[in-house]
Amino acid sequence: MGSITDRIDNTTKIPPQYLKAVLPAPKSVKLEISPRCNYRCGFCALRTREVQPKWDMDFGLFQRITREMREAGVEEIGLFYLGESFMNPRLLVDCIAYLKGEIGMPYVFLTSNASMAFPEATEECMKAGLDSLKWSVNAADEEQFEKIMGVKGRLYRNALDNIKSAWEVRARGGYKTGLYASSIQYDGEQQVKMEQLLLQRVRPYVDQHYWLPLYSMGAFATQREEQLGYRPTAGNQGRIGALREPLPCWSAFTEGHVTAEGKLSACCFDATAHWAMGDLTKQSFMTAWNSEPFVRLREAHLRKDVRGTVCEQCIAYE
């Protein structure tokens, strides 16, 4: 099956057959089944939303578009995009069960902040057939957590407890779900503190841990990042150890991104549908994937000249 970093690298590296404006179905798609999150992270694109959404993806829409994706050749579905999917654990479990049991999706994965991934919900996900569960761990102690994530420290304790519990649940039930963790590689002395936390509270309870750069979240280099004193990395260039050139951006070529309201986006950090290329409530997945706006945008990326496009203001291209 390969490691989680192999899968990430296979997505962020654009193969020759995908260096075109009109494309076959992507191997991987992320769907935002819940656009809500209980964190207020200073580095997250969700902070750019003037009004935080209160609705989750309609299950009927989810069923239709994922069946279309599978028929078109999609092999991997991520049940998250920018929100925290454990905000609606019942929907999350139903989506996993549908993907694995009804349409035979080969690989279903999830990233979570772990704070609401309580053992009962995590076990239901594992029972339903979840292939990969990755924890996002980005603070070394409660003080840093409250500063960076913008919420009370009890959620930090919950998250660490749930990471350990998931490891125990998997062992007890003999489930096949891979357990992983990633962390943002900040500047400064926090890195030393993070290493201590990971050694004691995270790495013993995951199969693999890896580092990510502090993304600028597309065009959003926020004042909050400056206040926190961390320097963002341009765009989304993948993980530390396998960074990609910003143009052409892999997000527009090798992975689909679908918002809770059914918009297909060209950007992996699109919290406001600014990069919407199609509407899956009105179009089939493949029609939107090769829509006229998406084709024109890919052509600009292939020329390595995104002036005059929705990508023009991205910090990656400055």
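I began with threonine 66, which touches Leu31, Tyr98, Leu99, Ile103 and Met105 once residues up to four places away in sequence are set aside. The model is a predicted one, so I keep that in mind throughout. Threonine 66 sits in helix α2, residues 59–72. I looked up its accessibility and found 0%, so threonine 66 counts as buried. Tyrosine 98 is 32 residues away in sequence, and the two C-alpha atoms are 9.3 Å apart.

Next I stepped back to the whole chain. I noted ten helices and nine strands. Of the 318 residues in the protein chain, 58% are buried. The chain exposes about 13,500 Å², and carbon and sulfur atoms supply 49% of that area. I also checked contacts between residues at least 6 apart in sequence: 73% of them join residues at least 24 apart.

Then I turned to lysine 30. Is lysine 30 buried or exposed? Its relative accessible area is 19%, and the cut-off for buried is under 20%, so lysine 30 counts as buried. Lysine 30 belongs to strand β1, residues 28–31. Beyond its neighbours within four places in sequence, I found lysine 30 in contact with Gly78, Phe80, Phe109, Glu255, Gly256, His257 and Val258.

Alanine 128 was my next stop, in helix α4, residues 119–128. Alanine 128 is buried, at a relative accessible area of 18%. I listed its contacts, leaving out residues up to four places away: Val93, Ile96, Ala97 and Lys100. Its C-alpha is 9.0 Å from that of cysteine 95, which is 33 residues away along the chain.

Helix α6 (residues 154–173) packs against helix α7 (residues 190–202) at about 50°, and the axes are 10 Å apart. That angle makes α6 oblique to α7. On the α6 side I wrote down Tyr156, Leu160, Asp161 and Ile163, which meet Leu197, Arg201 and Val202 of α7. Sorted by class, this contact has five nonpolar residues, two charged ones and no polar ones.

I followed the chain to helix α10, residues 292–303. Its twelve residues reach 17 Å from first C-alpha to last, close to the 16 Å expected at 1.5 Å a residue. I found Phe294, Val295, Leu297, Arg298, Ala300 and His301 of α10 buried. The cover over these buried residues includes β8 (263–265), β9 (276–279) and α9 (285–289).

I finished with the backbone. Which residue follows α10 with a positive phi? Lysine 304 does, with phi near 60°. At 54% relative accessibility, lysine 304 counts as exposed. Alanine 114 also has a positive phi, of about 80°, although it is not a glycine. I placed alanine 114 in the loop between β3 (107–112) and α4, and at 0% relative accessibility alanine 114 counts as buried. My last entry is a cis peptide bond from leucine 247 to proline 248, with omega near -10°.

Terms used: Residues numbered from 1 in each chain as written. Predicted model: local features only at pLDDT ≥ 70, side-chain atom pairs only at ≥ 80, totals over all residues. Heavy atoms only, no water. Helix = DSSP H or I, 4+ residues; strand = E, 2+ residues; numbered from the N terminus. Buried < 20%, exposed > 50% of the residue type's maximum accessible area, 1.4 Å probe, protein only. Contact = heavy atoms within 4.5 Å. Areas by Shrake-Rupley, 256 points an atom, 1.4 Å probe, with all protein chains shown as cover. Axes fitted to C-alpha atoms, helices over the stretch in contact; angles between N-to-C directions. Parallel < 35°, antiparallel > 145°, perpendicular 65-115°, else oblique. Nonpolar A, V, L, I, M, F, W, Y, C, P; charged D, E, K, R; others polar. Expected span 1.5 Å × (residues − 1).
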